[in-house]
Amino acid sequence: MAQPRHPFIQFHDGRSIPQLGLGVWQTPADETAQAVKAALAAGYRHVDTAAIYGNEAGVGEGLRASGVPREDVFVTTKLWNAEQGFDSTLRAFDASMKLLGLQELDLYLIHWPCPARGLFVDTWRAFVRLQGEGRVRSIGVSNFEPEHLERLVQETGVKPVLNQVELHPRFQQQVLRSYHAAHGIATQAWSPLGQGQLLSDPAIAALANKHGKTPAQVIVRWHIDMGHVVIPKSVQAGRIAENADVFDFALDADDLAALARLDQPDGRIGPNPLTAAF
Ligand code: NAD
């Protein structure tokens with residue numbers, strides 16, 4: 001059966017990103033190619049990896065094995081914290097591209113701002129260089145707070161197209177989302193299912209029952225409706241397909257209100273970018 005084409009989110013640089021992608025954090029290197037292939041067969045056209053995940057080679061292998069043309073797939077990878085700095089960023093980019101086996105990358109992200117290192121602006125200058133050379137199509141960041149975004153723009157004049165941050169119904173990031181909206185920066189949700197912890201939430205289970213869908217599908221649909229780029233992770237082909245089978249139902253105003261009530265000020269699962277010790 002033909003898969004529906006996923007919606008796109010427009011970047012301020014004129015390019016766009018499929019709103020749904022496969023995340024591969026904690027996907028073992030030797031299972032990554034299979035997961036990527038399963039995702040592409042299920043209609044995904046977007047994969048999110050990072051140098052630190054240790055599976056960029058598997059992503060490249062899965063892309064090539066899928067038979068889907070390179071131009072039809074959006075690939076993101078991320079610069080790890082230890083490589084921040086102008087020259088080391090250029091070297092790390094080359095290493096990632098060699099592992100991926102790609103000529104051009106769709107999106108390169110600074111993985112964390114690491115404000116204590118004081119290097120994210122120099123790192124960003126290297127990103128701007130790589131984009132100017134045509135080696136990466138779009139450049140963005142991850143785990144940046146407004147103060148970090150402002151510094152990039154003030155010091156380089158170049159605004160990230162996207163910020164990938166922890167975001168799920170229990171940690172809705174309203175202030176940051178409003179900032180992104182005001183500045184034309186796309187919001188991408190990492191750990192969109194709360195690393196699986198939200199799947200047993202009774203309010204989400206009730207919505208799943210109401211719509212005849214699974215809790216994971218309700219949450220992915222919520223992200224789509226909120227305008228986030230969303231990258232759920234699974235290594236199981238059945239779950240990968242399930243997480244993309246979200247375009248045959250709609251959440252109503254009551255459903256969205258029930259999901260809004262799950263937000264918690266301390267709902268964060270991962271590190272706080274302002275205090276993370278890396
Ligand atoms: P997630 O919220 O996507 O949850 C993944 C877990 O949920 C899986 O391990 C699985 O156990 C479970 N799951 C997935 N689909 C399911 C289904 N249909 N039914 C039942 N269980 C299901 O967690 P994540 O991997 O942390 O986040 C997704 C992606 O976000 C990552 O793979 C990575 O690409 C990205 N990420 C980025 C950062 C960052 O700092 N930029 C940090 C964390 C994650």
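This is a predicted model: local features need pLDDT of at least 70, side-chain atom pairs count only at pLDDT 80 or more; totals for chains, interfaces and linings use all residues.

I began with Gln-19, whose side chain reaches the backbone oxygen of His-228 at 3.0 Å. I call this a polar contact, meaning a pair of N or O atoms within 3.5 Å; within protein, one must be able to donate a hydrogen and the other to accept it, and residues adjacent in sequence count only if both atoms are side-chain atoms. Gln-19 sits in the loop between β2 (16-18) and β3. Helices (H or I, at least four residues) and strands (E, at least two) are DSSP runs in my notes, numbered from the N terminus. Is Gln-19 buried or exposed? Gln-19 is buried, with a relative accessible area of 4%. My cut-offs are under 20% relative accessible area for buried, over 50% for exposed and partly exposed in between (1.4 Å probe, protein chains only).

Residues are numbered from 1 along each chain as its sequence is written, and side-chain values use heavy atoms, with hydrogens and water left out.

**The sheet**

Next I traced the strands. Eight of them form an open sheet with parallel pairing, in the order β3-β4-β5-β6-β7-β8-β9-β10. Two strands count as paired if DSSP finds at least two bridges between them. At the edges I found β3 (22-23) and β10 (229-230), each pairing on one side only. β10 runs parallel to β9 (residues 186-190), with two bridges between them, and Ala-189 stands opposite Val-230 there.

I then stopped at β7 (residues 136-142). How many of its residues are buried? The count is seven of seven, so I noted the strand as mostly covered. β7 pairs in the parallel sense with β6 (residues 105-110) over five bridges, and Leu-107 faces Ser-138 in that pairing. Between β6 and β7 the chain passes through helix α4 (residues 120-132), in a right-handed β-α-β crossover. By right-handed I mean that, with the strands pointing away from the viewer, the path from the first strand over the helix to the second runs clockwise.

β7 also pairs with β8 (residues 162-166), again in the parallel sense, over two bridges. Ser-142 has Gln-164 of β8 as its bridge partner.

**The ligand**

Which residues come nearest to the ligand? Of the 26 around it, they are Asp-48, Ser-142, Ser-191, Leu-193 and Asn-243; a residue is listed if one of its heavy atoms lies within 4 Å.

I jotted down some distances to oxygen atoms of the ligand:
- For Trp-25, a backbone N or O atom lies 2.9 Å from a ligand oxygen.
- For Asp-48, an N or O atom of the side chain is at 2.7 Å.
- For His-111, a polar side-chain atom is at 3.4 Å.

The protein covers 88% of the 830 Å² of accessible area that the ligand has on its own. These areas come from the Shrake-Rupley method with a 1.4 Å probe; for residues, only the protein chains shown count as cover.

Ser-191 lies in the loop between β9 and α7 (202-211) and counts as buried at 12% relative accessibility. Gln-26 has a positive phi too, of about 70°, and is not a glycine either. I found Gln-26 in the loop between β3 and α1 (29-41), where it is exposed, with a relative accessible area of 53%.

**The aromatic rings**

Last, I searched the whole structure for aromatic pairs and got six. Rings of Phe, Tyr and Trp (its six-membered ring) pair if their centres lie within 6.5 Å; planes under 30 degrees apart count as stacked, over 60 as edge-to-face and the rest as tilted. Tyr-108 and Phe-127 are stacked, because their ring centres are 4.4 Å apart and their planes at 10°. Tyr-108 belongs to β6 and Phe-127 to α4, so this pair ties together parts that are 19 residues apart in sequence. Both Tyr-108 and Phe-127 are buried.

Phe-120 and Phe-144 are edge-to-face, because their centres are 5.3 Å apart and their planes at 70°.
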